[in-house]
Amino acid sequence: MMSYLIELASLMAIFTFAIVSPGADLAMVLRQSLVHGRRSAVITSFGIGASLMFHVTYTILGLGLIISQSIYLFNIVKWCGVAYLIYIGIKALRAGQTEIAVEEAAESGEARRQQSALKAFGLGFAANALNPKAVFFFLSIFSTVVSAHTPMTVKFGYGFVMASALILWFVGVSLFMTTPRMRAAFTRASKWIDRASGMVFIALGLKLATEKAA
């Protein structure tokens with residue numbers, strides 16, 4: 001049990017930096033809140049979380065298939081994951097301040113349009129599901145942090161915790177970070193968020209690179 005808690009803590013430490021970094025999902029939630037209101041933004045947040053479980057599911061099943069066929073193939077995937085973590089770490093360190101661009105329709109006087117729950121959920125799901133970066137990210141962290149011997153049910157539990165954390169973050173964004181002042185403050189902090197996450201990703205990649213292959 002302790003080994004599983006350590007794995008989960010490691011995953012969440014990495015994932016926390018990933019979810020707070022400004023990106024397309026954040027811009028989507030902010031725009032939904034501004035244009036369609038908090039209700040739509042919260043539902044969109046659940047759509048993003050559901051999409052995360054979609055990524056986790058095919059990652060876990062795919063890695064399970066690779067492991068069952070060849071531990072050699074699994075180690076290839078694992079080293080590719082290490083390389084990707086170091087790559088995104090370097091990219092994050094070199095990133096400058098990120099401007100969170102959203103359409104200011106609501107603030108410019110445009111009336112809020114009522115949006116169906118299904119459409120709001122679908123927008124969040126599609127925004128995350130169609131992001132190719134998510135494919136490499138989850139493949140990387142699951143192949144490098146999670147043991148090949150961890151039961152599949154436990155891995156799905158990890159995914160559920162990650163999805164719940166993502167939903168809570170974006171619900172918080174929907175409630176508290178939709179004012180111009182809060183967006184400006186978050187934009188100013190984005191450079192330091194990127195730098196901190198870059199160091200974490202690089203450190204993880206180097207640590208894994210020095211460990212003996214399974």
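At 24% relative accessibility, A196 counts as partly exposed, a class that runs between buried (under 20% relative accessible area) and exposed (over 50%), judged with a 1.4 Å probe and protein chains only. You will find A196 in helix α8, residues 180–209. A196 and G89 lie 107 residues apart in sequence, yet their C-alpha atoms are 9.1 Å apart in space.

Before going on, please keep in mind that this is a predicted model: local features need pLDDT of at least 70, side-chain atom pairs count only at pLDDT 80 or more, and totals for chains, interfaces and linings use all residues. Residues are numbered from 1 along each chain as its sequence is written, and side-chain values use heavy atoms, with hydrogens and water left out.

## The overall fold

The chain holds eight helices and zero strands, so the pattern along the sequence reads α-α-α-α-α-α-α-α; here helices (H or I, at least four residues) and strands (E, at least two) are DSSP runs, numbered from the N terminus. Of the chain's 214 residues, 43% count as buried.

Contacts here mean heavy atoms within 4.5 Å. Among those between residues at least 6 apart in sequence, 89% join residues at least 24 apart. The chain exposes about 11000 Å², with carbon and sulfur atoms supplying 71% of this area; accessible areas come from the Shrake-Rupley method with a 1.4 Å probe, and for residues only the protein chains shown count as cover.

## The nonpolar core

Which residues touch the most other members of the largest nonpolar core? They are F15, L52, F138, I141, F142 and M162, out of 28 residues in that core. Helices α1, α2 (24–36), α3, α6 (132–145) and α7 (152–176) each supply at least two residues of this core, and α1 gives the most, with seven. A nonpolar core is a set of buried Ala, Val, Leu, Ile, Met, Phe, Trp, Tyr and Cys residues joined through side-chain atoms within 4.5 Å.

Leaving aside neighbours within four places in sequence, F138 is in contact with F15, L52, H55, V56, T59 and M162.

T59 lies in helix α3 and is buried, because its relative accessible area is 4%. Beyond its neighbours within four places in sequence, T59 contacts F138, L139 and F142. Between T59 and F138 there are 6.7 Å from C-alpha to C-alpha, although they are 79 residues apart in sequence.

F136 is also worth a look: this residue sits in helix α6 and, at 47% relative accessibility, counts as partly exposed.

## S45, a buried serine

Is S45 buried or exposed? S45 is buried, with a relative accessible area of 0%, and its place is in helix α3, residues 38–69. The S45 side chain reaches the backbone oxygen of A41 at 2.9 Å. Setting aside neighbours within four places in sequence, S45 is in contact with V29, I167, F170, V171 and S174.

M1, M2, L5 and I6 make a nonpolar surface patch of about 480 Å². M2 is found in helix α1, residues 2–20, and counts as exposed because its relative accessibility is 58%.

Note on methods. Patches are made of residues with over 30% relative accessible area and no salt bridge: like charges are joined within 9 Å, nonpolar side chains (Val, Leu, Ile, Met, Phe, Trp, Tyr) within 5 Å. A salt bridge is a side-chain nitrogen of Lys or Arg within 4 Å of a carboxyl oxygen of Asp or Glu. A polar contact is a pair of N or O atoms within 3.5 Å; within protein, one must be able to donate a hydrogen and the other to accept it, and residues adjacent in sequence count only if both atoms are side-chain atoms.
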